[in-house]
Amino acid sequence: MKSKSIFLIAGIATLYFNNAYAQETVQDSTRTASIDQVVITGNSNPKKKIESSTAISTFSAKEIQKQNPISAAALLQRVPGFAVETSGGEVGNNLFARGIPSAGAYEFVQVQEDGLPVFEDGALQFANADNFFRVDNSVNRLEALRGGSGSIYANNSPGGLINFITREGTNDFRGTAKLETSTYGLMRTDLNVGGALIQDKLFFNVGGFYRTDSGIRKTGFKANNGGQIRMNLKYVFDKGYAKVYYKKLDDRNTFYLPIPLIQNGNDLKEFPGFDANYGTYSYRTISQLNIPQVGGGFFNRNLEDGIHPKVDVLGAEFKYDLGNNFSVLNKTRYTDINMNYTGIFPAGGPQLAADFANASGITGSNYRYSLVGSGALVNPQYVQKLGFWAIDKQMNNFVNDLQFNYKFDKGNVTAGFYKSNWKSHQYWNWSNVLTTATDRPQLLNLVDTSLTPTDVGYSKTYNGVTDMSFLIRDSQIQGSLNDVYLNLDYNITEDLSFNGGIRYSRDFYKGYAVNTTTSNLNNSGLTTDGTHSFATTTADDNMTVLGNRYTYWNYDVDKVSYTVASNYKINKENAVYARFSHGFRSPNEEAYYNNIGSLNKIEPVSTNQLEIGYKYYTRTFDIGIIPFYSTLKNLSFTDVFSDGTSENKFANTTNIGVEIEGFARVFNNLLEVTFNGTFQNPKYKNFTGTNADGSTFDYDGNQVRRIPKFYFNISPAVNITRQWRAYVSYNYYGKRFQDEANKDNNTLPSFSEFGAGTSYQLGKIRFAIDGTNIFNTIGITEGDPRSPLTGTGDIRMARPIMGAAVRGSITLDF
């Protein structure tokens, strides 16, 4: 596969190389002036950005190429208002829109491809929307909308819409081929081709990628391995068009989770034996799990599979001019997903070996640790309990969006009906293992030396496993969404426009959970080592067994979302707008599960947002300044802890802030600067209650967890010649709190991250080098909710950003 890709690029390059110098040299400055940009996301019809009363950021294919993001989340860091945690790796990352807190994922925004959701709910358990989407050269542009009309054009999206728009063929045959490598063993090939099968009538586009690498954090195996292919066929006729498309994604990605650090106030340093920039508990020496199950059989899992979605998407789009200014547009898509999810989730932080042994029921110093692999006796200072979490998900989604549009002299009206049926079935099987508290960890056995090997409870492990299948969950959730919407654009004058929209959602959710009991293997006839029965170990004492009793639940949503806005063009370069919107988010999956016996405890999250924007666009400079204010009610917190329980709290929040985004090209195109930033003050409102242990809490007025008040990105670039370009990027992420209590010892310090790169355009061939976190900053985006700190100088469990890495690429446009 690799050799074929290399020969393909080399062959195509040869066709063009002799003519490379004859081509007109063009500057690698490819940003499209915002004054000319037309947007479709969150609008009933395409319109120029300066005429759109929305907060929307756009990125063309060339702009994405220049940024060369390592993941979809890394690209979304360039959008103001989106606080993005990118430390999970290529997938499984988290996005918080305009200060809306959540347990993670993409809970309050919808990720779309060509205007339809990647999956209807982007925040199902262990099914972040970015698990099912990859950025490659088949993406034509990205439009990222915050707040505003998101709730009119999609479900569960009061925070915004993220719409990746794919390439289509044109009359001219065009293609892009790219070969990329890196300092961490990356070999990636991207290819996209498109053109006309029948001039002016029938067009095609095919694109995709294949990639393998060892991961920036050292796993000892192929951390990322797989790819995708996308293809579409479009037929254009006199009064419209018809398009069909297909996508296949089959990719494996390691999910990076918290590692130990030492924190003293705002000072972070490495935990002894752990490389903060390149270390991970997800390592090959603990990658295999194979344990017997109550009732027979074995459960086996391979960590090297990581997050492994197999996604098939088949869709169609049809537009037709009905005459008399009426048109119809219908989009439909079926998505089938089969995903295995395997990750190492630390169960708290490292513990002193003696403390862990004593907590396991061993008195005094009557304990002994040994390596599972060799049996050698060891005397570690610290040991680590790790959750080996395995989740299987079978998901499908059928969606259809039917729109009718009527244009009149001063505007247009759009009416639509949106139907979506989706289902997700999941099976969990979680165990805990005991390892050394180091990167490249090794499995440990622990025994009680005051007992003999034949005594009950002599061993606290089974080949390094401390808790065998302690949590098994079998559950299902289904959604049936039935929404009608109406949107009006009206030009009051040539410069003053009005927009109003309303969406009525009549949505039905249902599901079930299988009851469980506990048992052990004491009377199974199995042995731990060929000699001793399972009575000699405590590892099997609390194994979960699925029963035959199902608990069924149903939940209906009957809600209205609406928005009103006005945009005023001061002149061709200046505009102001104001928008008020009301939307909602249905309860998330874990909220249903936690309250399955009493669903009246949960309600949809309702949001109100007000934003006022100023936009100034020219061909060399543009800026958008958007103050906003939002309130949320009934926000649920559903972090799943290491024992399988969940937080299950509810809160209200408020936020006031301002988003800034801009671009400047100065000194006769010598210097370009892109920048974005967000200032905000998200707070809890009326957040009081009782903890699981009976204690009370009062978090009213506290800063929402994990979300900074201030973060920004600035990226200056110098066009040294018309072919040679160099850039640096600077990301700043402000101080946050790990928990709702805002305790000083649970502060997540601010950090800065630098990147740099250069590119050279030789005719149709582009050479590029891109470096990320070039100064090896230790910056943490997410603390571990499963291990809060208790004092100064504690061990901090957190997900640091990736260490320094460099990628090199060759891209050929033909």
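**Starting from a buried loop histidine**

Let's start at His-532, which touches Pro-453, Thr-454 and Thr-527 once residues up to four places away in sequence are set aside (contact here means heavy atoms within 4.5 Å). We're in a predicted model, where local features need pLDDT of at least 70 and side-chain atom pairs count only at pLDDT 80 or more, while totals for chains, interfaces and linings use all residues. Residues are numbered from 1 along each chain as its sequence is written, and side-chain values use heavy atoms, with hydrogens and water left out.

His-532 belongs to the loop between strand E30 (496-519) and strand E31 (543-569); strands are DSSP E runs of at least two residues and helices are H or I runs of at least four, numbered from the N terminus. Despite that loop position, His-532 is buried, at 18% relative accessible area. The cut-offs are under 20% for buried and over 50% for exposed, with partly exposed in between (1.4 Å probe, protein chains only). Asp-455 sits 77 residues away from His-532 along the chain, yet their C-alpha atoms are separated by 9.4 Å.

Now hop over to another loop residue, Asn-93, between strand E4 (82-85) and strand E5 (94-97). Asn-93 counts as buried because its relative accessibility is 0%. Its contacts, again not counting residues up to four places away in sequence, are Ser-71, Ala-73, Glu-85, Thr-86, Ser-87, Gly-88, Ala-105, Tyr-106, Asn-128 and Asp-130. From Asn-93 to Ile-769 is 676 residues in sequence and 25 Å in space, C-alpha to C-alpha.

What about the nonpolar packing? The largest nonpolar core has 70 residues, and Phe-82, Leu-95, Tyr-106, Phe-132, Ile-162 and Phe-164 have the most contacts inside it. Such a core is a set of buried Ala, Val, Leu, Ile, Met, Phe, Trp, Tyr and Cys residues joined through side-chain atoms within 4.5 Å. Strand E29 (residues 465-491) supplies the largest share of this core, 5 residues. Pick out Leu-95 and, leaving aside neighbours within four places in sequence, you'll find it in contact with Leu-76, Phe-82, Ala-83, Val-84, Ala-105, Tyr-106, Val-109 and Ile-162. There's also a second, separate core of 26 residues, with Ile-262, Phe-274, Leu-289 and Met-543 among its members.

Next, some open space. The second largest pocket is lined by 35 residues, and Ile-40, Tyr-241, Glu-317, Leu-329 and Lys-331 lie nearest its centre. A pocket is an open set of points on a 1 Å grid over the protein atoms alone, where a 1.4 Å probe fits and protein lies on both sides within 12 Å along at least five of seven lines; lining residues have an atom within 4 Å of a point. Strands E10 (139-146), E11 (160-166), E16 (240-253), E21 (307-323), E22 (326-346) and E26 (382-408) each supply at least two lining residues, and E26 gives the most, with 5.

Strand E22 also holds Pro-346, which counts as buried at 0% relative accessibility. Pro-346 and Asp-130 are 216 residues apart along the chain, and 23 Å separates their C-alpha atoms.

Asp-200 isn't a glycine, although it has a positive phi of about 65 degrees; look for it in the loop between strand E13 (187-198) and strand E14 (202-213). Asn-669 is likewise a residue other than glycine with a positive phi, near 70 degrees, in the loop between strand E35 (649-666) and strand E36 (671-680). Asn-669 is partly exposed, at 29% relative accessibility. Between Asn-669 and Asn-358 there are 68 Å in space, C-alpha to C-alpha, and 311 residues in sequence.
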